[in-house]
Amino acid sequence: MTLKAIIFDVDGTIANTEHDGHLKAFNEAFDFYELDWYWDSALYATPLIVSGGKERLSFYINNYNPKLKWPLSESDIVNIHNKKTEIFINKISAGFISLRIGVERLIIDALNHNLKLAIATTTSFNNVKEILESTLGKGALKNFEIVAAGDIVDKKKPASDIYDYVLDKMNLECSECVVIEDSEIGFQSANSAGLKTVITLSEYTNTKNFKGALVVLDHLGEDDQPFQIVNGTPTTHTLVSVDYIKELYECNR
């Protein structure tokens with residue numbers, strides 16, 4: 001393989017966004033609209049099987065039959081989600097969201113190897129922009145050739161559409177790219193697009209099965225925080241680098 005690009009998911013992969021970000025923002029949005037709803041951590045794990053915030057709201061309504069003062073229309077769901085996004089972005093600005101271990105290091109390593117970088121996520125573009133700029137600095141988006149986010153494709157993960165879109169825009173074959181993901185639906189999406197994937201487990205995915213992944217790790221690793229292999233071939237590497245990704249790919253051909 002000639003590795004030409006690394007494609008990152010965002011939520012749970014680039015940054016720790018779910019528990020202290022999205023979950024709390026959903027609950028605050030519910031309070032704002034005087035909805036008698038509360039998602040605890042255990043409940044939130046179930047809507048996460050669905051991609052997209054608006055879609056998770058619909059899933060919750062359809063499957064949990066929460067109390068409603070009035071029937072919620074599609075525009076109501078959009079408004080709730082927009083409020084949630086506003087709150088989430090404020091949490092990012094306030095420093096509640098942090099990068100996951102090894103992310104910044106791997107981005108720098110990839111750029112030093114002249115690799116293309118891309119993002120494939122169901123979260124909104126504004127969320128991506130705020131996360132990257134608050135953690136990596138202004139102009140961080142310029143490091144990514146393609147930022148595919150939100151509703152840019154019709155079918156969200158686990159459909160392959162978002163990854164198909166990125167491959168098309170970068171004019172690359174799936175064999176020339178490796179994906180970094182954390183979720184089962186993200187892995188299914190990448191796998192359906194023919195892409196090989198490195199999984200870094202996050203707080204809501206540590207019990208999932210990722211059969212066929214290049215490797216399943218607790219995180220990407222740093223010099224003083226070596227990764228632990230959850231499922232995969234033992235290695236002398238202690239952090240995910242471009243060299244390690246190439247090695248993984250060759251061993252799994």
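**Strand 1 and its partners**

I looked up strand 1 and found that it runs parallel to strand 4, with four bridges joining the two. Helices (H or I, at least four residues) and strands (E, at least two) are taken here as DSSP runs, numbered from the N terminus. Two strands count as paired if DSSP finds at least two bridges between them. The model is predicted: local features need pLDDT of at least 70, side-chain atom pairs count only at pLDDT 80 or more, and totals for chains, interfaces and linings use all residues. Residues are numbered from 1 along each chain as its sequence is written, and side-chain values use heavy atoms, with hydrogens and water left out.

Strand 1 is also joined to strand 6 by four bridges, again in parallel. I followed Phe8 to both neighbours: its bridge partner is Ile119 in strand 4 and Ile180 in strand 6.

I traced the strand order as 5-4-1-6-7-8-9, an open sheet of seven strands with mixed pairing. Strand 5 and strand 9 are the edges, each pairing on one side only. The twist averages 25° from one strand to the next; the axes are lines fitted to C-alpha atoms, for helices over the stretch in contact, and angles run from 0 to 180 degrees between N-to-C directions.

At the strand 9 end I checked strand 8 (residues 215–217), which pairs with strand 9 in the antiparallel sense over two bridges. The bridge partner of Val216 in strand 9 is Asn231.

**Helix 7**

I listed the buried residues of helix 7 (residues 161–170): Ile162, Tyr163, Val166, Leu167 and Met170. Seen down the helix axis, they fall within an arc of 135°, so they line one face of helix 7. The arc is that of the directions from the helix axis to the C-beta atoms.

What do these buried residues pack against? I found strand 1 (5–8), strand 4 (116–120), strand 5 (146–148), strand 6 (177–181) and helix 8 (184–192). Contact means heavy atoms within 4.5 Å.

**Backbone exceptions**

Most residues other than glycine have a negative phi, and most peptide bonds are trans. I looked for departures from this.

Asn171 follows helix 7 and has a positive phi of about 55° although it is not a glycine. Asn171 lies in the loop between helix 7 and strand 6 and is exposed, with a relative accessible area of 69%.

Asn114 has a positive phi as well, near 60°. I placed Asn114 in the loop between helix 5 (103–112) and strand 4; Asn114 is exposed at 71% relative accessible area.

Lys157 and Pro158 are joined by a cis peptide bond, with omega about 15°. Pro158 is in the loop between strand 5 and helix 7.

**Salt bridges**

How many salt bridges are there? I counted 14, taking a salt bridge as a side-chain nitrogen of Lys or Arg within 4 Å of a carboxyl oxygen of Asp or Glu.

Lys4 and Glu176 meet at 2.9 Å, N to O. The pair links distant parts of the chain, 172 residues apart: Lys4 is in the segment before strand 1, and Glu176 is in the loop between helix 7 and strand 6. Lys4 is partly exposed at 35%, whereas Glu176 counts as buried at 15%.

Asp9 and Lys157 meet at 3.0 Å, N to O. They are 148 residues apart, with Asp9 in the loop between strand 1 and strand 2 (15–16) and Lys157 in the loop between strand 5 and helix 7. Both are buried.

Asp151 and Lys54 meet at 3.2 Å, N to O. Asp151 lies in the loop between strand 5 and helix 7 and Lys54 in helix 3 (residues 53–64), so the pair ties together parts 97 residues apart in sequence. I also noted that salt bridges with shared partners join Lys54, Glu55, Asp151 and Lys156 into one network.

**Val240**

Is Val240 buried or exposed? I found it buried, at 0% relative accessibility. Val240 sits in the loop between strand 9 (229–231) and helix 9 (242–251). Leaving aside neighbours within four places in sequence, Val240 is in contact with Arg105, Leu106, Leu217, Leu220, Phe227 and Ile245.

Terms used
Buried means under 20% relative accessible area, exposed over 50%, partly exposed in between (1.4 Å probe, protein chains only).
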